[in-house]
Amino acid sequence: MTKPLISVVITVYNEEENIKPLLDATYEALKDIDYEVILIEDGSTDGTVAEVKKYADSRTKLIIFNKNYGQTTALAAGIDMAQGQYIATMDGDLQNDPTDIPAMLQKAIDEDWGVVAGRRANRKDGFVLRKFPSKIANYIIRHSTKVYLNDYGCSLRVYKAEIAQNMGLYGELHRFIPVLAKQEGASMTEVDVKHHPRIHGTSKYGLSRTFKVMADLILMLFFQKYFQRPIHIFGTLGLFSFLIGVLINFYLLVEKLMGADIWGRPILLLGFIFLLGGIQLITTGIIAEIIIRTYFESQDKKTYKIKAVYQGE
């Protein structure tokens with residue numbers, strides 16, 4: 001069977017009212033392209049599955065999860081299933097516009113880009129809960145990872161298939177997909193795309209996600225800079241900590257020899273507890289992440305379980 005030119009991977013979770021307009025808009029936008037649509041139903045509790053089965057055509061495949069795994073895992077499943085030479089990703093909430101995909105695809109082909117990322121030029125979200133936290137996160141990610149995009153939160157992107165299928169998506173790293181793609185050697189550009197206000201359903205994003213993004217950023221920086229040479233970070237921290245300990249203990253030894261009572265200084269003890277505890281927590285989190293990746297990749301296990309796969313008619 002000939003591979004389609006592009007596979008469009010769409011994640012949906014409790015988007016019952018959005019399914020029909022989403023599919024109608026996608027089919028219309030891609031009518032002149034050889035495509036397939038893959039919808040990943042991420043454990044919805046409403047009628048999303050029934051709506052997809054009702055309106056899906058023969059080029060549409062529905063992957064039904066047995067529970068909610070999150071957006072990153074849903075994207076990973078869709079990308080795994082994709083057969084296209086290029087892969088486009090987008091959300092199923094109608095805020096992304098599928099009419100942007102043909103131009104993004106053409107740019108990727110004509111200019112040989114590994115990734116063409118969307119940039120929401122006129123974003124239709126609330127400032128306090130969505131835009132402001134996103135601006136902060138984008139600034140921090142951009143300047144810490146040195147991957148210079150303006151909008152890491154836009155799900156609408158077009159990838160070469162070999163780039164998308166080798167990124168290794170785990171946890172909640174979808175915001176860091178451009179960083180993962182860069183690690184695979186992908187050339188990358190950014191284009192303005194349309195963005196619409198949410199009409200149906202409720203947003204799954206909020207201020208609480210900012211802290212998760214910051215935690216994931218620590219992990220991302222480790223993989224970007226130290227994954228192949230962890231001794232450079234752990235050795236440096238260890239030596240720095242050791243030298244501080246030597247200096248403090250030498251100072252206390254001198255004071256003791258001079259007759260001072262050095263026993264029972266709680267602030268010094270508390271400082272060491274916080275310092276060593278923080279280093280231990282961070283390194284334990286990184287090591288645990290490496291173990292999880294080794295567990296899945298060495299055994300070719302997936303981070304999700306598919307309940308059923310439905311092919312449209």
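Arg119, Glu190 and Asp192 are linked in a network of salt bridges, a salt bridge being a side-chain nitrogen of Lys or Arg within 4 Å of a carboxyl oxygen of Asp or Glu. By this rule the count comes to eight salt bridges. The model is predicted, so local features need pLDDT of at least 70 and side-chain atom pairs count only at pLDDT 80 or more, while totals for chains, interfaces and linings use all residues. Residues are numbered from 1 along each chain as its sequence is written, and side-chain values use heavy atoms, with hydrogens and water left out.

**Salt bridges**

- Asp112 forms a salt bridge with Lys160, the closest N and O atoms being 2.5 Å apart.
- Asp112 lies in the loop between H4 and S5 and Lys160 in strand S6 (residues 157-160), so this pair ties together parts that are 48 residues apart in sequence. Helices (H or I, at least four residues) and strands (E, at least two) are DSSP runs, numbered from the N terminus.
- Lys160 is buried, with a relative accessible area of 18%, whereas Asp112 is partly exposed at 48%. Buried means under 20% relative accessible area, exposed over 50%, and partly exposed in between (1.4 Å probe, protein chains only).
- Lys20 forms a salt bridge with Asp24, with 2.9 Å between the closest N and O atoms. The two residues are four apart in helix H1 and are therefore separated by about one helical turn.
- Lys31 and Glu28 also meet through their side chains in a salt bridge (2.8 Å, N to O); Lys31 is exposed at 53% and Glu28 partly exposed at 47%.

**Strand S1 and its partners**

- Seven of the seven residues of S1 are buried. Ile6, Val8, Ile10 and Val12 lie on one side, and Ser7, Val9 and Thr11 on the other.
- S1 and S2 run parallel and are joined by seven bridges, with Ile6 opposite Tyr35 in S2. Strands count as paired if DSSP finds at least two bridges between them.
- The chain passes from S1 through H1 to S2 in a right-handed β-α-β crossover; right-handed means that, with the strands pointing away from the viewer, the path from the first strand over the helix to the second runs clockwise.
- S1 also pairs with S4 in the parallel sense, over six bridges, and Val8 stands opposite Ala88 in S4.

- The buried residues of H1 are Ile19, Leu22, Leu23, Thr26, Tyr27 and Ala29. They cover an arc of only 165° around the axis, which puts them on the same side of H1; the arc is that of the directions from the helix axis to the C-beta atoms.
- In helix H2 (residues 48-55), Thr48, Glu51 and Val52 are buried. Their arc falls within 100°, so they line one face of the helix.
- Glu15, in the loop between S1 and H1, counts as buried at 5% relative accessibility. The C-alpha atoms of Glu15 and Thr48, 33 residues apart along the chain, are separated by 5.8 Å.

**Nonpolar cores**

- Met167, Leu169 and Phe176 touch the most other members of the largest nonpolar core, which has 41 residues. Such a core is a set of buried Ala, Val, Leu, Ile, Met, Phe, Trp, Tyr and Cys residues joined through side-chain atoms within 4.5 Å.
- H8 gives the most to this core, with six residues.
- Another core of 32 residues lies apart from it, with Ile6, Tyr35, Leu39 and Leu156 among its members.
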